[in-house]
Amino acid sequence: MGFRCWLLVITFVLSMGFHCELAEAHGQRQPLQSPEAADDGVCTAVVNPQGYECQEYEVKTQDGYILTMHRIPQARGGGSAGKRQPVLLQHGVLMDGLTWLLNPPQQSLAFVLADNGFDVWITHGRGTRWSRRHESLDTSDPAYWAWSWDELASYDLPATVGLVFQQTGQKLHYVGHSMGTLTALSAFSEGKLVDKIKSAALLSPVAYLTYMTTPIGIAAASAFSGETLGALGVAEFDPKGAVGTNFLESVCAMPGVNCYDLMASFTGPNCCLNDSTVNVYLKYELQPTSVRTLVHFSQTFRRGGITKYDYGSSMANMAAYGESSPPEYHISNIPHDLPLLLSYGGGDMLSDVKDVQLLLNDLRNHDADKLVAQLVEEYAHLDFVMGVNAKQVVYDGLIAFFYKHS
Ligand SMILES: *[C@@H]1O[C@H](CO)[C@@H](O)[C@H](O)[C@H]1NC(C)=O
């Protein structure tokens, strides 16, 4: 059960949802000092016990969502004087800001950045555990869930980046993982945020999904296509809830889908994860998103381009966009002098190397000294945030890149 569960859960990280009995699989509890206390808050349960100062903020998006952010303003033990550059960490889909805090301090990006002189800001996207409030809507109201990753790019990002900019009076460095890269690229391509960003590091960059061709991926993508969408409508996708459970059961029952062999056949082999961290991840880190976000990913996979959410009829698209088809994001419009670092894995079957090459092709006119692309042959999707050697393999270079573009 544990192994199957683990394999299934990896598939969550991009856009495919599955459910398994996590509690059953993982009796013992580990790394977070007191994981169940995480409900008391990230600062007291996770950050303070490691010896770091921690502050909590909230920010309201233009469309009324109230998001929580956490800040680690100093190195471990506190106190070096002098101005620290802000960095914002944006997690991927079906995860939250704990993404950056799961390993011991010398391995987790948030702590590593704090210890290297940065002022670290961690976001939690709408709908995830600490960001489930809205000025007028409740999460039980379907209208709360009427968004896809377009809104994460056009509302959540400007709100969180804006708060950091306002609080620190400085432009910031950005780190995104998985969907956190897609939302940034989309926003940058429309000229948003670029006046507040010094540089961006994109880990497991996701834009095109053309080459995500594994049986389970195709099955999930078709399950989130328009035909079955009617049954779900505008709703929450809670991987641990009834919708998630039913979805898993139906996908695993499809011909050609072997739910016992997902590691090899879908996500690619993560080389370097710590079992204790994985247990915590499985137990605490499967966060809800909107069904519409998964449908949007499914559209990206099936059509090949990078466009806004397709409402499914020319009339509905006309109402939303003033055009009968959803508008495209033009990645090549990203300002050519915006420093970008892309780090991608040779074994990552969600952010496939061929799809990253499509993305790099869109960036071919980028200023050569402002674009770094690093292929880590042995890495898959989760190694970039949870790999025990990610500091040596990825983060040291990322920090050097941030220093260079300060
Ligand atoms: C794995 O995580 C545990 C708990 O945080 C830690 O004690 C251990 O040192 C880690 N192992 C490695 C190889 O980093």
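This report walks through the annotated active-site residues of the model and the helix beside one of them.

## About the model

The structure is a predicted model, in which local features need pLDDT of at least 70 and side-chain atom pairs count only at pLDDT 80 or more, while totals for chains, interfaces and linings use all residues. Residues are numbered from 1 along each chain as its sequence is written, and side-chain values use heavy atoms, with hydrogens and water left out.

## The annotated site

An unreviewed UniProt entry lists Ser178, Asp348 and His381 under "active site". Although they span 204 residues in sequence, no two of their C-alpha atoms are more than 10.8 Å apart, so they gather at one spot. The UniProt positions follow the numbering used here, feature names are shortened, and annotations may be inferred rather than shown by experiment.

## Ser178 and helix α6

Ser178 sits in the loop between β6 (172-177) and α6 (179-189); helices (H or I, at least four residues) and strands (E, at least two) are DSSP runs numbered from the N terminus. With 0% relative accessibility, Ser178 is buried, a term for under 20% relative accessible area (1.4 Å probe, protein chains only).

What about α6 itself? Here 11 of the 11 residues are buried, so α6 is largely enclosed by the rest of the structure. Among them are Met179, Leu182 and Phe188. Just after α6, Gly191 adopts a positive phi of about 80°.

## Asp348 and its partner

Asp348 is found in the loop between β10 (340-345) and α14 (353-362). Asp348 is buried too, at a relative accessible area of 2%. Its side chain makes a polar contact of 3.0 Å with the side chain of Ser204. Such a contact is a pair of N or O atoms within 3.5 Å; within protein, one must be able to donate a hydrogen and the other to accept it, and residues adjacent in sequence count only if both atoms are side-chain atoms.

Conventions. Buried means under 20% relative accessible area, exposed over 50%, partly exposed in between (1.4 Å probe, protein chains only).
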